[in-house]
Amino acid sequence: MWERTLQDLIRGLRANKKDEAKFIYKAVDEIRNEIKGDDMELKAGAVLKLTYLDMLGYDMGWASFHVVEVMSSPRFHLKSVGYLAATQSFNEDTDVLMLTTNLLKKDLGSTPADVAVTLNGLSHIVTPDLARDLSPELIAMLNHSRPHIRKRAILALYKVLVKYPETAKHARTRLEEKLEDVDPGVVAATVNVLCELARHNPTDYLSLAPQLFHLLTTSSNNWMLIKIIKLFGSLSPYEPRLVRKLQPPITDLISTTQAISLLYECVHTCIIGGMLQGSNGDSLARLCVSKLAAFIQDADQNLKYIALLALTKIVPSHPYLVAEYQDTILASVNDQDISIRMRALDLVSAMVDRENLQSIVQQVLSHLVPENSSSILPTAAQSLAQHTIPVSPSSARPHLSPSQSPAYRLVLCQRILTMCSQSTFENVTNFEWYISVLVDLAHVAAVDVGSEIRDQLVDVVGRVRAVRRYAVKLMYQLLSDDTMLRNAHEEGSCSEVLWAAAWICGEYCDELAEPQNLLPHLLQPEVSNLSSEIVAVYVQAATKIFGSWAADVAQRWEDDDLVEIKNVVEQVTTRFSELVSSPHIEVQERAANSLQLFRFIQADLDAHRPKPPTTPGFSTPSESGLSPEPRFPKSMYLIHPLSATYELNPVALSAQASVQVPDGLDLDAWIVPPPREVVPEKPPERKVKKLKKGKGKEVSEGKVKSSKKKQKETLLVDGDVLTPVESEMEAPEEIEERAKRKAERLAQLRDDPYYIMTDAPKPAEEDLDSIPVVRLEGMPSLAGPSTQALPALKTTSQTFSSTSFVIDRDGEMPEGAVASNPASAPISGQETPVESHTPTPSQLSKFPPYEVPDDVIRTSTPDPIKVTRSKKKGTGKKKRTPTTADVDT
Amino acid sequence: MPSKAKSKIIQDACLLRLFSFTVQRANDTIGVPGSKVVYRQYASLFFVCEVGEEENELMTLEVIHRYVEVLDKFFGNVCELDLIFDFQKAYTILDELIVAGELAESNRRTVLTSAEATDIWERDEILRDALQDSFIS
């Protein structure tokens with residue numbers, strides 16, 4: 001008698017916000033009692049309350065049987081409560097649904113009001129079983145005398161068809177008849193259903209085209225017209241003749257209709273239905289674009305939004321039409337609504353071509369630049385303004401931009417990068433401009449895109465030869481600017497760009513007039529602020545730059561240079577000795593490797609006597625004939641060839657795949673088998689890498705992509721291969737034995753982070769005795785060629801610069817593979833890049849001593865190692881013999 | 001205040017905004033992939049529709065608007081509380097307007113009349129029951 005009504009429950013809930021759980025617990029308890037009683041009225045009230053709670057998230061699944069009870073009540077107002085509860089709480093797995101079949105059948109034959117409620121409820125709760133059992137009733141009901149029942153039956157039938165498609169063959173004819181129903185509402189409902197059905201199965205409904213076309217041209221019901229247009233949109237791809245037939249009425253609708261939703265539907269269907277192709281398509285496309293452009297200028301944000309969306313779809317086929325509205329579209333990137341900005345950005349990125357790229361990127365970039373004086377609003381106010389919805393669009397004009405939001409800035413940055421880099425820089429005409437954009441981006445981004453920018457820089461510089469000189473210049477500035485270094489720890493500092501800067505300066509340091517000036521920047525202690533990966537690249541770059549500079553100095557040697565060189569070497573060794581104890585293994589390893597080289601140079605410099613030409617233990621330089629007696633310390637040429645012998649080139653995607661696996665090499669075999677057998681597998685592994693690189697004929701093509709890794713390898717290999725050089729006199733068995741022992745030792749030491757340190761001093765002492773002999777022998781011949789090579793490089797870059805940029809799109813293929821495997825790498829422009837490269841390697845490999853017979857080069861690593869090899873003429877071949885043998889085994 | 005003026009005020013006050021999440025974000029918040037969310041705000045009331053990707057956003061907005069118009073007529077200056085306390089009626093009206101996810105009746109007067117008819121029918125029935133009960137007892 002005193003039961004809570006629904007209203008009481010809601011009021012109670014609102015009054016007990018703090019104690020909701022407790023209140024609901026009590027309420028549900030009461031409901032449990034009420035629902036079990038015999039009083040139908042009370043039961044329905046309880047179910048209604050439960051329905052309300054279910055909407056709040058409190059499950060009412062337990063009461064589903066009672067819901068069915070209420071559904072079966074003969075009283076309409078109770079029945080409707082039951083059906084409402086059913087639509088709210090039932091799902092496919094509700095078991096009591098099996099009990100409802102007869103109930104539904106009965107209700108479908110009841111009074112019109114009951115039938116309406118039942119049809120509505122059925123459309124929600126229908127399951128495949130129910131659909132199968134009730135479809136006859138529904139199909140019969142399509143001919144019901146009352147139009148509003150017919151209408152509902154048609155729509156409910158759609159749900160039945162979705163759940164139980166077999167019904168389609170029985171329902172189809174009836175459904176088609178309904179297109180000619182006397183009641184326009186029934187026709188509209190039929191069109192709705194057909195539109196949905198045709199979307200999944202267009203070919204089946206092509207036969208309806210004449211009737212639909214008739215409706216299209218005669219009806220004035222915009223709701224239905226939208227659906228008809230949509231329906232034709234899904235049909236027209238399967239019946240090309242439809243397109244021509246539809247063009248006139250649609251053009252007519254577009255030009256005359258007042259309803260914007262219909263207009264949009266027409267335009268949209270034209271775009272996705274392929275109606276803009278063909279002879280008449282062009283004028284239709286022009287009409288569409290002009291309508292959409294009008295939308296963009298509309299005050300209504302929704303229209304702007306969808307117009308941008310639609311234009312994005314039209315751009316691929318009719319770029320020139322959209323381009324007319326470029327300014328309007330770019331202005332939308334300034335809109336204060338972030339979602340509109342995003343769509344505008346989508347569109348802008350789709351519009352990009354060779355002509356407009358620069359202006360578009362410049363525009364987008366300007367959004368990243370912090371706005372000056374005009375909008376010095378507290379960021380809190382800005383963010384607030386972003387989140388509260390302005391009262392009316394017109395009052396929301398004040399110039400606060402969401403440009404400050406990091407997420408948005410990130411999107412902007414990534415957009416710029418993708419716009420420029422898509423299809424391998426297809427749209428970039430001026431790469432110097434692009435490089436400067438990248439550098440600007442790194443400065444203004446203030447979000448975390450450093451690594452993307454880094455990859456772009458390296459990619460561009462690797463592929464576009466002509467831009468290298470300019471890139472080196474910019475990178476030099478970047479490296480010598482301390483701000484980025486200082487801010488490296490801040491989020492969004494983009495310090496990864498320094499990685500690229502160091503790498504580019506190191507790799508192309510030949511372009512620098514005075515590379516030694518860069519060294520202090522690379523060696524300064526603040527560098528340790530950067531992440532270890534970058535420090536590692538700094539070490540490598542410093543080494544390369546020194547090498548290049550030293551080689552340069554040696555060419556025009558004055559005895560006064562000795563002091564400067566000594567100073568620099570001193571600096572380098574001091575710094576590297578610090579880095580050798582770095583906690584990061586990568587840094588440590590590189591520093592240790594380079595440190596050994598520099599120690600050697602240091603020793604050589606100390607031993608150098610200005611008194612030229614005779615150096616003890618130095619065999620005659622007759623081979624080279626260019627410089628009879630070097631007056632400079634031989635070690636000046638120690639490092640440069642290590643990095644400059646071969647040029648880095650981008651690698652074609654299929655390059656690795658087209659390298660033939662040599663006979664007898666099992667790539668799936670363990671490199672380091674888990675148990676004991678460490679030894680025998682090890683040498684083959686090294687060969688694998690060598691062979692692949694060797695085929696590529698250039699040192700470390702891979703460096704472009706993953707330079708660190710490769711360089712690390714190179715260094716490791718370098719260390720390893722030194723051994724056989726020393727043991728030149730050893731029999732092959734001994735070499736193998738040594739290799740075995742060495743491999744074992746390495747395996748043991750691998751886990752010890754300090755093994756480099758313990759290792760380092762010893763070889764230094766040993767090598768100092770043995771290696772110089774080796775070195776000096778090869779020295780004069782080394783000197784000659786490099787004199788030619790260096791100027792040669794510089795002149796090439798001069799001829800290139802400021803003329804058209806050549807992009808190396810496809811990358812490099814292994815030489816052998818190009819000939820033998822043309823089918824497997826079907827890149828059309830493949831020939832071109834290969835050709836374009838051939839001059840350069842030949843220039844660079846003008847170091848005669850390295851010109852070990854060609855075939856031999858191809859089978860082994862063209863690594864820095866060779867420097868060591870080449871010194872002893874005989875060694876080269878001898879050493880390689882075991883190598884090839886290893887491969888075969 | 002005449003209802004016409006009221007609805008005019010509502011129309012003015014309502015901020016027409018459409019927000020389409022990217023598919024990914026829709027996944028994070030609501031719904032299934034390949035759908036989009038269209039919403040419209042009327043004063044403090046938000047009407048949110050999740051529709052298929054190929055659906056016409058503007059038409060969805062029109063449907064929402066139609067629904068709100070009928071609600072407004074039915075309740076007389078509809079507000080949040082009407083929908084909370086009489087959610088059942090709000091659903092009845094929605095059922096008149098939309099069946100199986102498709103627009104069933106586009107004429108707002110028809111929707112209103114049948115919704116009112118249903119309402120009267122229910123009240124009548126309740127009244128009849130009550131009278132019967134009192135006479136019998």
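Colleague: What are patches made of?

Modeller: Patches are made of residues with over 30% relative accessible area and no salt bridge, where like charges are joined within 9 Å and nonpolar side chains (Val, Leu, Ile, Met, Phe, Trp, Tyr) within 5 Å. A salt bridge is a side-chain nitrogen of Lys or Arg within 4 Å of a carboxyl oxygen of Asp or Glu. In this predicted model, local features need pLDDT of at least 70, side-chain atom pairs count only at pLDDT 80 or more, and totals for chains, interfaces and linings use all residues. Residues are numbered from 1 along each chain as its sequence is written, and side-chain values use heavy atoms, without hydrogens and water. Here B:L127, B:L131 and B:F135 make a nonpolar surface patch of about 370 Å².

Colleague: Is B:L127 counted as buried or exposed?

Modeller: Buried means under 20% relative accessible area, exposed over 50%, and partly exposed in between (1.4 Å probe, protein chains only). B:L127 counts as exposed because its relative accessibility is 53%. By contrast, A:S64 counts as buried, since its value is 9%.

Colleague: How many residues does the contact take from chain A and from chain B?

Modeller: Contact means heavy atoms within 4.5 Å. Chain A gives 50 residues and chain B gives 42 residues. Buried area is the accessible area (1.4 Å probe) that two parts lose on being put together, summed over both. For chain A and chain B this is about 4,300 Å², with 59% of it on carbon and sulfur atoms.

Colleague: How many salt bridges are there between chain A and chain B?

Modeller: There are six salt bridges between chain A and chain B. B:E102 forms a salt bridge with A:K227, with the closest N and O atoms 3.5 Å apart.

Definitions and conventions. Chains lettered and ligands numbered in written order. Areas by Shrake-Rupley, 256 points an atom, 1.4 Å probe, with all protein chains shown as cover.
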